[in-house]
Amino acid sequence: MQQKGWGIFFGVVLLAAFLSIAVGPLVGWWLPANVSSFGPDVDYLYYVILGFTTFFFLLTEVLLVWAMYRFAGRPGNKSQYVEGHHRLEMLWTVVPGGILLYIAIAQISAWERIKYQAKMPDPDLVMQVTARQWDWTMRYADTPLPENHRRWAEIPNFDDIYLPDELHCWKGANVRIYLKTNDVLHSLFLPQLRLKQDALPGKTIPVWFNATDANTRFNASTGNCEWTDKNKEWEIACAELCGGGHYRMRGLLYVHETKDDYLNWLKHAQKAARSRQPEKKATPVAAKD
Amino acid sequence: MSVSHSHSAEAHAHHELSFLRKYIFSEDHKIIGIQFLFSGLIFFLIGGTLALLVRLQVGFPKGINLPWFPISWGGRMSPDFYAMVFSMHATIMIFFVIIPLLTGAFGNFTIPLMIGARDMAFPKLNMMSYWFMWPAFAVILSSFFVEGGAGASGWTSYPLLASATMPAGEGFHSPASPHSGIGQICWLVALLFVGVSSMMGSINYMTTIINLRAPGMTMFRMPMTVWAMFITAILQSMALPVLTVALILQLLDKTINTTFFLPPGGMAFGNWHTGPGGGQTLLWQHLFWFYSHPAVYIMILPAMGMVSDIISTFARKHLFGYKPMVLAIAGIAGLGFIVWGHHMFQSGMDPRLGTGFMIATIMIALPSAVKTFNWLGTIWGANIQYTTAMLNALAFVAMFVIGGLSGIFMAATPVDVYFHDTYFIVAHIHYVLFMSSIFGIFGGIYYWFPKMFGRLMNEKWGKVHFVLTFLFSNCTFFPMHIIGIAGHPRRYYDSTLYRFLDNVQPLNQFMTISAFLLALAQIIFLVNFFWSLFRGAKAGANPWHSNTLEWTAPSPPPHGNFVQTPIVRRGPYEYGNPDMEEDYLPQAEPQPSGIPAPAH
Ligand SMILES: [Cu+2]
Ligand SMILES: [Cu+2]
């Protein structure tokens, strides 16, 4: 009797683990709400994998727990005298193999869409993001789409403005970020955008996204961007260890409702930047206070 | 005359060994294995203490102030200190605990005994492989006390955080982190010694297994433990040179200002600019992961082998699908060399490479699945004896399922965009390396302890230890999946800064409390271990009624292992033959009359 208890013990612990994930969506232990155009692809593939893994988790653990219960030893008993089973081996090689191959192939198009440079959409808005220990510098041109933007990203321009830790765009815009780092590795992580990309020393890496929801409005009288919804304070984090301050490279994502709202903000930000630093040439380092 | 003379000379040599030669500078594989076991357990305590410091900071980033807990604590460690603590926790657990325990302790102890050899092929080399660990021990421990402290760039030590160096003549300070000075140099040197030690071990294991098998011990009569150790040794010998090169390159960058990992334009740290470089940080990632992905298998395959033998023994049943199990290990090892790029999907390497690495990585789940189903097949229809060793081995299977399945999320490149470097990967690695490898190691200790020391560990306290460890380790590591799904980045000093993590903050505290309980439960193990060493019940040669060759030798086996070289007559898994009185038939036992011999 005591022997059978071990199967039950395993079963209870495994069931508790399973339930703690299963209640996740109900209590807010889950993916943050998606606001990215390619986010549904990512989330869909996540649920596909979650479905298959949950099935195999339940299948194997239930069989294990049942076998532990059912085949608990009794004195004088003997086990079945078998060494294997050819057809079973084929079955549990071919079926999981097919499923895994399907999972692998299903990823390819979403991966191409998110990361392949050749497949990135033409941008409506271009900016450059430079990481350093320990903040982000966002560089905006005086127009959303500077001419020859690949070149623009490499050469500092007098009219550009630099803002620490604030990423502005508007809803529906194809945003192209040229990602750089001044010092060590960092990783630009926007959980709600399902976006992550390491910043690599000595390289400029193009990144794109398109936000499908807005969270801010520019208030011309105060000169501030106000959240339209308290629960839509979307954050930027660093996901690659970059030293002691790694945890505090927090930034914010401002998605304006319209392009006009964005342009109003941009004009204001330009004016503010000029009045702050009338004669200093703006470089990523100098723009910081 | 001459025969008897040489015989007595040999016996003489075996008895004349001084204490120093017998226990310290020993060439006996069993003693060397036990040496690896003891130093591994000591470092397990150090690595575990560091883990508790990590959990303390992550669970209570603002200090402890709980209504129900008598102690409140406002002290905080600095962010740099925290980074050092998690970096050294992982470094010690991987390079000083799991690899030395699995290959050093169990590989050494089991291989010659299980194939019926008197010792390793190169006993002196074997001794050297252990003694090369000691410079590593000394350097890694003293690195905590050097200026700036021990390394703090993670166990992966990515440049430039790890490798950035001030110009020649300015000492070994790093502009990137105070810990990346002498502490990082110590880290590199220590790992170089560990690597050389492992290399000597793996050459020895391969040679021994190929050349010193007892008569009748064909390759396909070898127990799974030996197969796993054999394939692991091949993996190690092919992967280690690449790590060694990477370590030396970074060491050169740090000491004589080469620029293997500094890009051509140089970099700026604050207002200070390095000179121009000529390298690439990605180079390190490729070299490091070319070793360190196979290293993940170095840290799991031996445990898989050991667990297979333990399960078959206590299921009292033939291992299900022996040859598929061998093939699966070989498949994991082979595929394991072409998947390293899955650590670099978001690194900025060409995303087209990512597609190839993804397909190989997802397919590597297949041999793992095959192994799992065969373990289930082994206990199906079994007559399970729930010893502590068996419980730990079954826990390995139950937990490896979770660790294996969670890996698929990060192997899938688009899903990895979100999950990369979150706590989901921390959960995954702990389900593979703690929940699987460590349960395998515990199983191995409970199983071979009587052979090592001639006494049994206490079963009752062993089970108490198992229950608490199984419970609290799941409480410690399972919620990491959940906070990973919520997007919690790893290696964060204080995650309360982020609103999107507000919901999962209580889980961080829960995991920390569980981790301390998990640590407390290990005291039971230590007391049981040392108490049993001196007071445990006498074991006899074959306390588990097991079939493999080590159980035909006395417990503990003398120098030279076997009184008579065993002659192997069958495979290692002859359990439960219905025609026989006993339910087991050891490998070297002559075929009982009237019982038909199996075909192989
Ligand atoms: Cu960082
Ligand atoms: Cu890997």
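The structure is a predicted model.

**The interface**

Contact between the two chains involves 113 residues of chain B and 100 residues of chain A. Together, chain B and chain A bury about 9,200 Å², and 70% of this area lies on carbon and sulfur atoms. Within chain B, the residues that lose the most area to chain A are B:F373, B:Y386 and B:Y418, which together account for 8% of what that side buries.

Polar contacts also link the chains: 34 residue pairs are found across the interface, with both residues at pLDDT 80 or more. Helix α14 (residues 388-411) gives the most to the side of chain B that touches chain A, with 11 residues. The classes of residue on that side of chain B are listed below.

| Class | Residues of chain B touching chain A |
|---|---|
| Nonpolar | 71 residues |
| Polar | 27 residues |

The rule finds one salt bridge across the interface. A salt bridge joins A:E233 to B:R499, whose closest N and O atoms are 3.3 Å apart.

**Residue B:S532**

B:S532 belongs to helix α18 of chain B, which spans residues 505-535. This serine counts as buried because its relative accessible area is 0%, and the cut-off for buried is under 20%. A polar atom of the B:S532 side chain lies 2.6 Å from the backbone oxygen of B:N528. Leaving aside residues up to four places away in sequence, B:S532 touches B:F449, B:R455, B:L456, B:M457 and B:N458.

Notes. Residues are numbered from 1 along each chain as its sequence is written. Chains are lettered from A and ligands numbered from 1 in the order in which they are written. Side-chain values use heavy atoms; hydrogens and water are left out. Helices (H or I, at least four residues) and strands (E, at least two) are DSSP runs, numbered from the N terminus. Buried means under 20% relative accessible area, exposed over 50%, partly exposed in between (1.4 Å probe, protein chains only). A polar contact is a pair of N or O atoms within 3.5 Å; within protein, one must be able to donate a hydrogen and the other to accept it, and residues adjacent in sequence count only if both atoms are side-chain atoms. Contact means heavy atoms within 4.5 Å. Buried area is the accessible area (1.4 Å probe) that two parts lose on being put together, summed over both. A salt bridge is a side-chain nitrogen of Lys or Arg within 4 Å of a carboxyl oxygen of Asp or Glu. Ala, Val, Leu, Ile, Met, Phe, Trp, Tyr, Cys and Pro count as nonpolar, Asp, Glu, Lys and Arg as charged, and the others, Gly among them, as polar.
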